[in-house]
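Here is a report on the structure shown below. Keep the view open while reading.

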Amino acid sequence: MSARNRARSFLSIVYLNGILPMRAQPLYLLNTIASPLAFLFFIDVASRGALSSFAITGGLILTILTTGTGIQADLVHYKQDLKFQDVVVASPVEAPIYVAGMAFSEFVYSIPGLAVFLLLSVGVLDYTVVGTLTLAGALVLIWGFSTAFGFTLATYFSDIREAFVFAPLISILMTTLPPVYYPITYIPASIRWAAYLSPTTYAADLVHRGLCAAGSACYEAPSAAATAVDWGVLTGLTVVLIVLAATKARWREP
Amino acid sequence: MATAVSAQHLSKTYTYRGGSTQALDDVSFDIPAGETYGLIGRNGAGKTTFLRITGTLLLPSSGTATVLGYDIRTEEREIRRRIAMVPQESRPLYFATTEQLIDGYLRMRGMDGTEARRRRNDVIDELGLADVRRRLVSRLSGGQRRRVMVAMVLASDAELLFLDEPTTGLDPLARREVWSAIQRATRERRTVLLTTHYLDEAEALSSRLALLEGGHLRIEGTPDSIRARVQLPYRVTLDSSWSVDELTSFGPVTSVVGGHLLFTREKEAREIVQSALARGSRVALAPVSLEDIFLQLVGRPLDEGEVTEKPEEPE
């Protein structure tokens, strides 16, 4: 496939899976924003505004993570129920183009959520340029690993109900329990290691240090070594999951 | 004659918790290019497995095949550039209209907008979808949705089309429209590999046929050559004034509603027809249909249950 044909292919998948459903059923857009906004409201009220900045950055992380992992439900539905993936496999469309098209069409759904939280970030948070770049970089990496993870999982599911079981579980394990919506110092030091089993903790660490560097919501002294470890783990995990998705996922059944 | 698909000793075993099922067992045959090839057999006979292997969706357990000259194991990308498939029980994406879906599929394959629109309009007219071209697919009937799926691949520029039971669920008129579109595809020198359990469909569309039963290839050839292989090439339908005992000396007899069905040779067919005319009983004589051949070779009709249960997806 030439580069132009790949671009056509990609845009067509985004159009079919993202734009058309969004136009036909705009409520999908609200669906992606409901949980992050509910968390924001709850944390803001419960902390009397003290953790609002964490709730806003947590909302961004949750929105982008849901965008990535949400791909699994669509992929399973398209593969098992509609057999659309079979139509795609038996065509010139390559697996990376299909996954990228599906991932970007999921991204379309998250645009209102991201817009709301970005506006809140601009209005409420103090962020330096480095902090803003850190936030953007962390969100891109979360999107990358969660999409790759969602795709790999989806190829092993034989029923959409499995995806329905995993999606909320992933959300809880990666955003609700880990210190995404709250500072890591709230977790007792003896069990803090458990938080680092979730990749979102590394992203949240980076984002929270950005807040600290700008002089707001500082709960832990910034450390260059910890920042390097966070970037390293997050980038490494993203690369590993993308490679795993590209090599191990079942595009053709064994 | 060029070969579109060449299968050599293809076997496929699905393994799952607690056992395994042999879906294809040492199947070898060639499918000529530029023709419609019918793959017939009951549910679970191995038709879809064969289609999925040659359509690069599934790897065989052993054996190999070439599709349009390319190896299915190592050159799947070359194959995929040249094929299009309507999988069994596939359904279109619900949020698109008929036009958007066909157009989207063609562009997804890399076709430019002008060509995609031209081909889309042609196929919509040909498959009788003009009235629903701007209707959401979710609001179409089951038969119309099926036709949209077929329209998508027929509108493509693929050299080889895989159609897995494309007319299941269609009314007779819609089936004829799909047949006509398939015939047009072969007039364009494209190859169509069609699986069906409608023998009239296989006979009407296919220049060659293969019958799979329990994962084995039972018969392969042109409809005429298959007929020629049958030992009892005539079917005689008699009314109920005859008893089964009177007929068994002519050949195997099956009692049907209102009379009997007898398969026999030419000499015996003449005799029984003359006797029937002399008795003034109703009689009809015809060459055996593919359905009859299937009955003779396999021992039960094509629509009588599945050969064996197989898991949907292998583990």
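Which side chain meets that of Glu78(B) in a salt bridge? The partner is Arg82(B), at 3.0 Å from N to O. The model is predicted. Glu78(B) is partly exposed, because its relative accessible area is 23%. Over all chains, the count comes to 31 salt bridges.

Another salt bridge in chain B joins the side chains of Arg120(B) and Asp103(B), with 3.8 Å from N to O. Arg120(B) lies in helix α4 (residues 113–126) and Asp103(B) in helix α3, so the pair ties together parts that are 17 residues apart in sequence. Both Arg120(B) and Asp103(B) are buried.

## The contact between chains B and A

Chain B gives 41 residues to the contact, and chain A gives 35 residues. The area buried between the two chains is about 3,300 Å². Carbon and sulfur atoms give 60% of that area. Three residues stand out on the chain B side: Leu93(B), Phe95(B) and Met108(B). They supply 24% of the area that chain B buries against chain A, more than any other three residues.

Polar links also cross this contact. There are 14 residue pairs in polar contact between chain B and chain A, counting pairs with both residues at pLDDT 80 or more. In chain B, the elements that give two or more residues to the side touching chain A are α2 (76–80), β6 (83–86), α3 (98–108) and α5 (142–154). The largest share, six residues, comes from α3(B). By class, this side of chain B has 19 nonpolar, seven polar and 15 charged residues.

## Salt bridges across the contact

Side chains of opposite charge can pair when their charged atoms come close. Between chain B and chain A, the count is three salt bridges. One of them joins the side chains of Arg77(B) and Glu94(A), at 3.0 Å from N to O.

Arg252(A) and Glu76(B) also meet through their side chains, in a salt bridge of 3.7 Å from N to O. This pair crosses from the segment after α11 (224–248) of chain A, where Arg252(A) lies, to Glu76(B) in helix α2 of chain B. Glu76(B) counts as partly exposed, because its relative accessibility is 21%.

## Two buried threonines

Thr67(A) lies in helix α3 (residues 52–69) of chain A. It counts as buried because its relative accessibility is 5%. A polar atom of the Thr67(A) side chain lies 2.8 Å from the backbone oxygen of Thr63(A). The side chains of Thr67(A) and Ser110(A) are joined by a polar contact of 3.2 Å. Beyond residues up to four places away in sequence, Thr67(A) touches Glu106(A), Phe107(A), Ser110(A) and Trp143(A).

Thr21(B) lies in strand β2 (residues 19–32) of chain B. It counts as buried because its relative accessibility is 7%. Its side chain is joined to that of Tyr16(B) by a polar contact of 2.9 Å. From Thr21(B) to Ser206(B) is 185 residues in sequence and 29 Å in space, C-alpha to C-alpha.

## Domains of chain B

Chain B is divided into domain 1 (3–227) and domain 2 (232–287). Taken over C-alpha atoms, the centres of these domains are separated by 39 Å.

Definitions and conventions
Residues are numbered from 1 along each chain as its sequence is written. Chains are lettered from A and ligands numbered from 1 in the order in which they are written. This is a predicted model: local features need pLDDT of at least 70, side-chain atom pairs count only at pLDDT 80 or more; totals for chains, interfaces and linings use all residues. Side-chain values use heavy atoms; hydrogens and water are left out. Helices (H or I, at least four residues) and strands (E, at least two) are DSSP runs, numbered from the N terminus. Buried means under 20% relative accessible area, exposed over 50%, partly exposed in between (1.4 Å probe, protein chains only). A polar contact is a pair of N or O atoms within 3.5 Å; within protein, one must be able to donate a hydrogen and the other to accept it, and residues adjacent in sequence count only if both atoms are side-chain atoms. Domain bounds come from an automatic or database domain assignment. Contact means heavy atoms within 4.5 Å. Buried area is the accessible area (1.4 Å probe) that two parts lose on being put together, summed over both. A salt bridge is a side-chain nitrogen of Lys or Arg within 4 Å of a carboxyl oxygen of Asp or Glu. Ala, Val, Leu, Ile, Met, Phe, Trp, Tyr, Cys and Pro count as nonpolar, Asp, Glu, Lys and Arg as charged, and the others, Gly among them, as polar.
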